[in-house]
Amino acid sequence: MAPNDPVLNLVTADPGLPRANPTQSYWQHIPHALANVQSSKLPNDRDFAIIGSGITGLSVARSLLERHPTATVTVLEARALCSGATGRNGGQMAANAGEQYMHLAETHGVETAGKIVDFTFRNLEKMQKLIEEYDAVELSEMQRLQKLRVFLTQDKFDDFKRSIARLEMDHPSKKGLYTILDADAVLKASLVFHVGYGIHGSSGGALLPAGTVWPYRLVTKVFAALLETYPGRLTIETHTPVESVEHISTLASPMMSAYPYTLDTSRGPLRAQNVVYCTNGYSGHLLPRLRGLVHPFKGTMTVQDPQNTVSNQGAAISWGFHYPPSYDPKTKRLGYGLYYLGQSAKTGYFYFGGENARLEESVSSDDTFVAEDSVKHLEVVLPRFFGKSDRSDWRLVSSWSGIMGYSSDGLPMVGQLPTTLTGRRGDGEWIAAAFNGYGMANSLMSGEALASMILGEDVSDWLPAAYGMGEKRLQETLTVPEAVNALRSKL
């Protein structure tokens, strides 16, 4: 790869810290009371310092507090509480392992591929149970529903059907998990649900169990409950970006310490026994050797009001629209192959997102603006799916951008960081990140798995081995060339 390769430069760039003035996500337009919470003085000598306050950071913190009787935990957030990917996503609780299954089986083997399918669907079930446990169903507007995956070309639909057939052949217990629909059935999906409209312009589709949720409201409510339950053991420090991490062996006067890590923050240093990175697309900032193995990817979200021109289907169905990635050499804009859509069962608003932008706009960690062309694209595309050629009577309620974390091999990274990636001595650095746009199907249980690993427990029977930080993965698939090739294949 040439040093001046623009794709290489994008994926290996320092993502920096989360920007101080991001676009406002609709989910956060009414801030929670804890949005800007912090201690009057930064605590010190903590057993666990968790960087990041989204669903992953919440899951790690909750698991450690519940399962370790004396653990002290500090959650550090660069901006307001839950202001990263979780607070900026599409609100979809949906798995994508079915359409990925063929590739997963060929790359990782049938057993691991099956374990990934199980993991993602179990994660969604646990998300729904977490919402119920904390009495947040109404608050978070959680819906258990069916997701309709719509394929806009015959080739994509055929690939999907082959993947599902292979899944059912390899794992007979998965038969019936997906219901395949032809184009006519997708158009008449309203008859299945007795509501609304079918989807126009498809080559076929499939139904699968899924859900929708207001993610910010869930995370903030659970954090509030944890602070009440563990007031002496948990602190949350918002607006406290971590600027660097050092191990005692690198300091000028090293000494034996039960807290060998020093996290330098905007409010001073914090010493910790373990450092947990729940930093997703920003992971490469504090961990430079991860740059290229994981890179930021900027998505665009909108809230659109169809003004009662489409019936409210939000309690029954959500949607995903799949098409081959496309590149327009004239505008240099990339269509990344997926739109995602949910609907509020209360207001009828559509929550619609998808990526159609120049490469340098997408492989970016800057969420301080949302590209006007990307928003206009989403405004034009959405009504067409419902047979509306003119959106003049639809209203744009909100638009924003958010930063996801993508790995070079398309799988999450969950485990203990080796010294080859930290560049420091010590065995107390851990990561759960790079959810490749499917954090809601992976983050909760990835956080639980990481907490179990930190506590010395074996999770190999349920955490897919392909998510780990093993040497084979680091040599073969979790590499900079793989990341460059994956992006270049879309051009």
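How many Å separate the centres of domain 1 and domain 2, taken over C-alpha atoms?

Modeller: The model is predicted. In it, the centres of domain 1 and domain 2 are 29 Å apart, taken over C-alpha atoms. The domain assignment gives domain 1 as 6–88 + 216–293 + 409–489. Domain 2 is 143–212 + 294–405 in that assignment.

Now the interface. On the domain 1 side, 30 residues are in contact with 27 residues of domain 2. The two domains bury about 2400 Å² between them. Of that area, 62% is on carbon and sulfur atoms. In domain 1, Leu 10, Thr 23 and Tyr 26 lose the most area to domain 2. Together they account for 27% of what that side buries.

Charges come next. The count between domain 1 and domain 2 is 2 salt bridges. A salt bridge also joins the side chains of Arg 88 and Asp 367, at 3.7 Å from N to O.

Then the rings. Tyr 26, named above for its lost area, belongs to a cluster linked by ring pairs. Lys 298 lies over the face of Phe 369, at 3.3 Å from the ring centre.

Across the structure there are 24 aromatic pairs. One of them is Phe 119 with Tyr 467. Their ring centres are 5.4 Å apart and their planes stand at 80°, so the pair is edge-to-face. Phe 119 lies in helix 4 (residues 110–133). Tyr 467 lies in the loop between helix 13 (443–454) and helix 14 (471–476). The pair links distant parts of the chain, 348 residues apart. Both Phe 119 and Tyr 467 are buried.

Phe 297 and Tyr 406 form a tilted pair, with 4.8 Å centre to centre and 40° between the planes. Phe 297 is in strand 11 (residues 294–305) and Tyr 406 in strand 16 (residues 395–407), so this pair ties together parts that are 109 residues apart in sequence. Phe 297 is buried, with a relative accessible area of 3%. Tyr 406 is partly exposed, with a relative accessible area of 24%.

Methods: Residues numbered from 1 in each chain as written. Predicted model: local features only at pLDDT ≥ 70, side-chain atom pairs only at ≥ 80, totals over all residues. Heavy atoms only, no water. Phe/Tyr/Trp six-rings, centres within 6.5 Å; stacked < 30°, edge-to-face > 60°. Helix = DSSP H or I, 4+ residues; strand = E, 2+ residues; numbered from the N terminus. Buried < 20%, exposed > 50% of the residue type's maximum accessible area, 1.4 Å probe, protein only. Lys NZ or Arg CZ within 6 Å of the ring centre and 35° of its normal. Domains from an automatic or database assignment. Contact = heavy atoms within 4.5 Å. Buried area = accessible area lost by both parts, 1.4 Å probe. Salt bridge = Lys/Arg side-chain N within 4 Å of Asp/Glu carboxyl O.
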